[in-house]
Structure formats: structure tokens, C-alpha cells
There are 2 protein chains.
Amino acid sequence: MKVDGQPYRTIWLSADGKSVSVIDQTLLPHLFKTVEWRTVEDVVAGIRNMVVRGAPLIGAAAGYGIALAMAVDPSDKAFERAYEILFASRPTAVNLRWALDRMRSVLLPLGPNRRAEAAFATAKIIADEDVENCSAIGEHGKGLIQQAWENAQRSRPVNVLTHCNAGWLATVDWGTALAPIYKAFDAGIPVHVWVDETRPRNQGASLTAWELGHHGVPHTVIVDNAGGHLMQHGQVDLCIVGSDRTTAGGDVCNKIGTYLKALAAHDNRVPFYVALPVSTIDWTIDDGVKSIPIETRAPEEVTVISGLSGDGKIGSVRLTPEGSPAMNYAFDVTPRRFVTGLVTEFGVFPPLPEEMAKLRQEAALGTGSHPPSHDR
Amino acid sequence: MKVDGQPYRTIWLSADGKSVSVIDQTLLPHLFKTVEWRTVEDVVAGIRNMVVRGAPLIGAAAGYGIALAMAVDPSDKAFERAYEILFASRPTAVNLRWALDRMRSVLLPLGPNRRAEAAFATAKIIADEDVENCSAIGEHGKGLIQQAWENAQRSRPVNVLTHCNAGWLATVDWGTALAPIYKAFDAGIPVHVWVDETRPRNQGASLTAWELGHHGVPHTVIVDNAGGHLMQHGQVDLCIVGSDRTTAGGDVCNKIGTYLKALAAHDNRVPFYVALPVSTIDWTIDDGVKSIPIETRAPEEVTVISGLSGDGKIGSVRLTPEGSPAMNYAFDVTPRRFVTGLVTEFGVFPPLPEEMAKLRQEAALGTGSHPPSHDR
């Protein structure tokens with residue numbers, strides 16, 4: 001999508017063909033800077049320090065990390081070392097392993113002298129496939145926004161509420177939850193986005209607001225507390241959020257607070273959609289509330305917050321009194337009964353048994369190259 | 001309640017009998033400082049700058065403001081001037097006008113030489129009545145916590161979730177939503193409080209956490225997004241929140257985000273109580289969602305946040321990208337169908353027509369001296 005009018009992806013091969021460029025997401029939304037990775041060690045550090053984040057993007061980065069390693073030393077030993085250090089960079093990133101295994105299956109059968117070229121090509125395929133999936137999600141979701149516009153007799157912009165950042169910054173391009181919004185906007189459908197700030201890490205207030213602003217999409221940042229009030233007063237036509245992990249039955253594990261928005265949508269008859277590549281569906285579990293363990297993260301993410309100081313630097317302040325403990329649950333589960341539909345690269349599927357079966361079948365008939373993507 | 005082991009109110013006559021002391025709430029939770037008001041102008045500035053906040057406390061402060069004015073000049077003219085400047089200090093504070101009118105009705109019939117003494121006495125009565133009301137709310141609410149403890153076979157602490165700050169800092173002592181918690185704690189019932197941070201002004205993370213911590217009540221700060229997840233997993237026995245304004249039918253207008261917690265409580269069969277003096281009930285309106293206008297405040301409360309910097313000073317950082325607009329709704333309305341009971345100084349009343357009629361009757365038979373208290 002666009003940054004200052006210029007199209008960008010989150011990761012790309014530099015013009016020299018020997019290094020990889022990424023947007024440094026640790027500085028957003030206050031500073032836009034790209035970084036060049038020249039070695040696999042650069043990639044490892046970048047993933048570890050969250051210069052890049054988002055499951056699909058981490059997968060693509062890992063592919064390029066292998067390629068940078070192969071350019072220096074295409075031996076089996078060098079491959080295994082690169083695999084190990086990349087895999088250790090974000091141990092819970094399921095996508096990372098998927099991308100690394102895919103690189104292995106392509107490269108190891110080849111002679112060392114052909115590996116570097118094949119590695120760069122495969123990394124590009126991984127990235128391009130992600131763009132394709134997200135674009136397809138966007139096209140299917142665009143129809144929902146178009147429909148809301150028609151329902152409003154094309155008399156006003158469509159108001160979409162989103163939570164967290166499931167935008168192009170979390171993927172290679174387009175995003176998941178934001179892809180339908182970009183597609184609608186690019187097609188001339190007037191759309192306005194309510195952006196939940198998404199405490200504690202504020203991915204909405206920082207990344208989603210930044211993305212939308214740079215692409216020119218009208219949006220308004222609100223605190224996570226505000227969405228219910230907006231829905232009570234007809235200010236939200238539909239919600240679209242992403243998913244970290246989805247069960248076979250259609251329960252959705254996503255950023256903490258998603259469930260509260262789904263409850264409000266249900267109480268006010270606002271459609272609640274979840275955009276996801278089918279790779280995030282875990283077909284082995286059904287009941288998300290019972291079966292999905294919820295990660296707790298450092299309490300400091302709740303008690304201390306960072307942003308732009310008056311002196312133009314990134315600074316942080318403590319919000320809570322000394323001695324007050326905090327708990328930091330990263331995700332929650334939205335039961336399927338509050339989900340209107342899953343927006344996937346294969347179309348929009350209500351989380352009903354027969355529809356989920358159909359989706360599973362279509363996914364099985366697909367390319368089979370989709371990564372599982374369980375982390376942000 | 002206690003600060004560093006010592007009992008405090010939020011406002012009291014200083015030892016010299018000529019000035020009024022308050023806790024400077026603008027510095028909490030990071031610094032505890034008391035301030036002495038010597039003149040009515042000090043009180044006006046203190047209310048305007050939110051050194052004191054919370055409807056009942058503002059009412060008590062206004063009473064003392066009149067007393068300080070009368071000590072200098074007990075003339076009618078001086079009274080009217082003090083009334084005017086105090087009333088203008090927080091124009092939307094309904095309590096302020098109520099307290100000022102009460103002071104007028106007591107003082108003007110008296111000869112000027114008796115006014116100063118009567119003014120200090122009446123200001124003290126206003127403060128003491130507020131303490132009595134809050135204490136009664138606490139006693140009635142304590143029964144609910146006791147019951148939850150019995151339901152758990154006294155095997156573990158009772159988990160209460162609260163939103164915003166409806167504690168003793170918003171009143172003269174005890175608070176409304178927190179009064180039952182203090183009463184239960186003081187009675188030896190083990191209780192643990194989940195404290196919603198309450199964006200955007202973070203009254204939970206700052207004031208509620210500070211209050212509870214200083215009184216020794218176990219508590220944990222969470223982001224506003226987390227409560228639904230906790231309720232899904234049996235981690236909340238009951239919710240207790242305050243109310244800014246309550247309708248005759250029992251709809252509750254309170255800090256933005258209250259509605260989302262009520263939805264989650266309902267979905268998980270967690271009792272949801274609202275603690276309030278009957279003075280916050282507006283008997284002239286029924287449907288809160290339709291009839292209560294919701295104040296919007298400065299967007300900077302969303303986009304900029306303050307706290308304790310590394311250098312030990314209060315500092316602030318910007319959270320959003322430049323150019324991203326924000327909207328800041330201060331309150332929302334929780335429809336009565338999500339409210340288990342109103343905890344008042346007259347007892348606990350479910351928001352059902354016959355119960356509300358009973359409450360109205362009991363309130364009418366009461367002292368009649370309760371202020372309307374619509375602001376925070």
C-alpha cells in the first residue's frame with residue numbers, strides 16, 4: 001500500500017539484488033525508516049527485535065534470511081545453521097517454521113551452486129503468495145462493504161470498526177482485516193474506519209492509524225471502550241477484525257478485546273466479520289474458549305506506555321502506582337455465535353458446520369502452500 | 001480510607017479552623033500531596049484544575065468555598081460573588097449548584113455576623129452526609145460480596161471487577177462502587193479487585209489502583225480489553241461500577257466502556273451491580289440510550305497520555321501518528337437489562353418497574369438532602 005503516495009510492501013529485494021529491505025516497524029507511527037538486511041544475522045535480529053512482526057511477514061522474512069545465508073555459503077551446514085538461528089528468533093511463530101521447512105524442501109535437493117538463486121526465487125514466491133491471499137481476502141471482503149454502501153443508498157460513507165492491526169504491515173501487502181477496506185477505498189466506495197487503539201500495545205493507534213492515513217483512508221482513532229457506544233448509536237455498519245487462530249467450528253482467537261466488540265455488535269445487530277487466510281484455521285480443535293491457551297505477556301506492557309515525547313524522541317511513562325500489579329492477557333476467544341462470517345481467500349463463510357466443511361474442502365483443493373500463521 | 005496506614009478524607013477543615021485541606025488529585029498516583037485552601041479563589045482554582053474531582057467531592061468543596069468567603073466578608077454581596085465564581089468553576093457540575101443553593105438557603109436568612117460559623121458547620125454537614133450515604137451503600141454492597149464468598153465455600157478470595165474510579169477519591173470518603181469492597185475488606189472477607197485501567201483518562205490505573213493499594217486491598221490492573229476474557233474463564237465473581245446518571249427505569253450512564261463490561265457479564269452470567277446514591281437517579285427520563293446526551297471531550301485525551309517519566313517527573317507522550325484524528329466519548333449507557341441491581345444507600349434494587357417505584361418511594365421518605373451528582 002502507499003506511504004507518502006508511493007507504493008510499498010513491508011519487505012522487498014533491494015535494487016542491488018543482494019540485500020533485503022524492510023520497513024522498521026519499531027519506529028512507527030512516529031518515524032518512517034527502511035532498513036537493509038545484508039546477512040542472515042541481520043534478519044534474525046530484525047525478527048527478534050520486532051523490526052518486522054505479523055505471522056505472514058515473519059514467514060517471508062525467514063525465506064529471505066535463508067537466501068542471504070545461501071548467497072554467502074550454500075553448504076548444507078550453512079543452511080542448517082541459518083535454519084536454527086532463524087527458527088530461534090521467534091520460537092512461537094508457527095509461520096516461521098513453515099517457511100523454513102519450505103525453503104529446506106526446495107533447496108537441499110539442489111546442488112549448492114544453484115541454491116542461492118533458488119532461495120531468492122522461493123522467498124519471493126512465499127511473499128507473492130501472501131500478497132495473493134491477502135488480495136483475495138480483500139476482494140471478497142470488499143463485497144461486504146459495497147453491500148453496506150448500497151444498504152445506505154450510497155448516501156454516506158460506510159463505517160467499519162476494526163481492532164488491533166491486521167493490516168498490510170502485518171503481512172507483505174494488503175493485510176487481512178484491512179484488505180477489504182483498501183480494496184473498497186481503491187474502488188471508490190467511501191469508507192471511514194473506527195480504529196480501536198488496542199491496549200496494551202496500541203497497534204491500532206499506532207500501526208493501523210498510520211497505514212490508513214498514509215493510504216489516504218479516512219479514519220478516527222477511538223479508545224477500546226468506545227465501540228459499544230458507537231454501535232448503540234448506528235455509527236458502525238460492520239466490524240472486520242483479523243484472527244490469530246480459528247477453530248474448526250469457527251471460534252476466533254484474536255487480540256484481547258475482540259470478544260467485547262463482538263458482543264456489542266451482536267447486541268446491536270451489527271455484522272461482525274473476521275478476515276483470515278485459511279491457514280489460520282486449526283482444524284484439530286473445535287471449542288476455542290476451552291481449547292486455546294491464552295498467552296500472558298509482561299505486565300510492563302500494561303503499566304508503562306511509550307510514544308513520542310515533546311523532544312521528538314520515543315519515550316515512555318509509567319501509568320500505574322508503584323506496587324500495583326498488572327496482568328497482561330494477549331488474546332481472547334470470540335465464540336462463533338457472535339461471528340457473522342469468516343472472510344477468507346476462498347470467499348465469505350458463516351461459521352456454521354456445513355459452511356465450515358465446505359471451506360475445509362475448498363482449502364484442501366487449493367494450492368496447499370498456505371502457511372499456518374498463529375502469531376502476531 | 002487509609003493512605004500509608006493513616007485514615008484520610010479527600011477534604012477536611014485544617015487544624016487552624018481557618019483553611020481547608022484537600023488531596024491534590026492531579027499528582028496521583030505518582031505523588032501524594034495535600035494542598036491548603038485559604039480563600040474562595042483557591043477553591044475555585046482547585047475545582048477548575050481538577051485538584052478535586054468527583055461530583056460529591058466538588059459539592060463539599062463548594063460548601064467550604066462559601067465558608068472561606070464568609071470568613072473574610074459575610075455580606076450578601078460577598079456571598080453572591082462567591083456563589084458566582086464557584087458555580088462557574090465547573091459549569092456542568094450539577095452537584096456544585098445543589099451545594100451552593102443549600103449554603104444560600106442556610107446563610108442568607110442569618111445576620112452576617114453569624115454566617116461564617118454557620119457556613120463552616122453546613123459545609124461539614126454536606127461532607128458528613130456524603131460519607132453517611134457512601135457508607136450505607138458500602139454496607140448494602142458488602143452483603144453481595146459476602147454472598148459471593150459463601151457461594152465459593154469461603155475457599156478463595158472474591159474477585160470483583162470495577163471500571164473507572166468510583167472510589168473514596170471521587171467522594172468525601174468510602175466512594176460508591178468501591179465502598180462495598182472496603183467494607184468487605186475491613187470485615188475480613190478476602191477480596192481481590194480487577195481494576196480496568198479505563199482509557200482514555202486512566203482513572204482506574206491511576207486513582208483506583210492507588211486507593212486500593214494504600215488501603216491494602218489486593219488488586220490487579222488490567223487493560224479495558226481484558227475483562228471479557230476473565231469472565232469467560234470464571235475469574236470474576238461480580239462487577240461493581242459507579243453511575244454518573246441513572247434513569248427512572250434503571251438504565252445507567254457511566255464512564256465509557258461500562259456497557260462492554262455489562263455485555264460480557266451478561267454473556268457469562270456474572271452479576272453486574274451499579275453502586276450509586278439515589279441522587280444520581282434522574283426520575284424524569286426512562287430510556288437512557290435515547291435520552292442521555294453523551295459528552296465528547298478533547299481528542300488529545302486519546303492521542304496523548306501522561307505518566308511518570310524516567311526522570312521522576314510527570315511527562316506525556318503522543319500515541320497516534322500526526323494527522324490521525326481521534327474522537328473521545330466520555331460516557332456510555334448500559335441498558336437496564338444488563339444490570340443485576342442498583343446498590344443504593346437504601347438497599348439493593350433490581351432495575352424492575354416495581355422495584356424502582358419502591359426505591360423512589362424510599363428516597364422520597366428519606367432526608368431529601370441528597371444532591372444530584374451528575375459529573376465526574
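In chain B of this predicted model, the residues B:Pro56, B:Gly59, B:Ala60, B:Gly63, B:Tyr64, B:Ala67, B:Leu68, B:Met70 and B:Ala71 of α2(B) meet B:Arg115, B:Ala116, B:Ala119, B:Phe120, B:Ala123, B:Lys124, B:Ile126, B:Ala127 and B:Asp130 of α5(B), where contact means heavy atoms within 4.5 Å. By class, this contact of α2(B) with α5(B) comprises 13 nonpolar, two polar and three charged residues; Ala, Val, Leu, Ile, Met, Phe, Trp, Tyr, Cys and Pro count as nonpolar, Asp, Glu, Lys and Arg as charged, and the others, Gly among them, as polar. Helices (H or I, at least four residues) and strands (E, at least two) are DSSP runs, numbered from the N terminus.

Residues are numbered from 1 along each chain as its sequence is written, while chains are lettered from A and ligands numbered from 1 in the order in which they are written. Local features need pLDDT of at least 70, side-chain atom pairs count only at pLDDT 80 or more, and totals for chains, interfaces and linings use all residues, with side-chain values resting on heavy atoms and leaving out hydrogens and water.

The axes of helix α2 (residues 55–72) and helix α5 (residues 112–151) of chain B come within 8 Å and cross at roughly 170°; axes are lines fitted to C-alpha atoms, for helices over the stretch in contact, and angles run from 0 to 180 degrees between N-to-C directions. The helices α2(B) and α5(B) are therefore roughly antiparallel to each other, given that angles under 35 degrees count as roughly parallel, over 145 as roughly antiparallel, 65 to 115 as roughly perpendicular and the rest as oblique.

Helix α2(B) also packs against helix α4 (residues 94–107) of chain B, the two axes coming within 8 Å and crossing at roughly 35°. This crossing of α2(B) and α4(B) is right-handed (a crossing is left-handed if the near helix is turned anticlockwise from the far one by less than a right angle, and right-handed if clockwise). On the side of α4(B), the residues that take part are B:Asn95, B:Leu96, B:Ala99, B:Leu100, B:Met103 and B:Leu107, and those on α2(B) include B:Ile58, B:Ala62 and B:Ile66. The contact of α2(B) with α4(B) has eleven nonpolar, three polar and no charged residues.

In chain A, helix α6 (residues 179–186) and helix α7 (residues 203–215) pack at an angle of about 15°, with their axes 12 Å apart, and α6(A) and α7(A) are therefore roughly parallel to each other. Here A:Ile181, A:Tyr182, A:Phe185 and A:Asp186 in α6(A) meet A:Glu211, A:Leu212 and A:His215 in α7(A), a set that divides into four nonpolar, one polar and two charged residues.

Local backbone features were also noted. Cis peptide bonds join B:Leu28 to B:Pro29, with omega about 5°, and B:Arg199 to B:Pro200, with omega about 10°. B:Pro29 lies in the loop between β4 (20–23) and β5 (34–37) of chain B, and B:Pro200 in the loop between β7 (191–196) and α7 (203–215) of chain B.

Between the chains, the contact takes 61 residues from chain A and 61 residues from chain B. Chain A and chain B bury about 4,800 Å² between them, 61% of it on carbon and sulfur atoms, buried area being the accessible area (1.4 Å probe) that two parts lose on being put together, summed over both. In chain A, A:Asn225, A:His229 and A:Leu260 lose the most area to chain B, together 14% of what that side buries.
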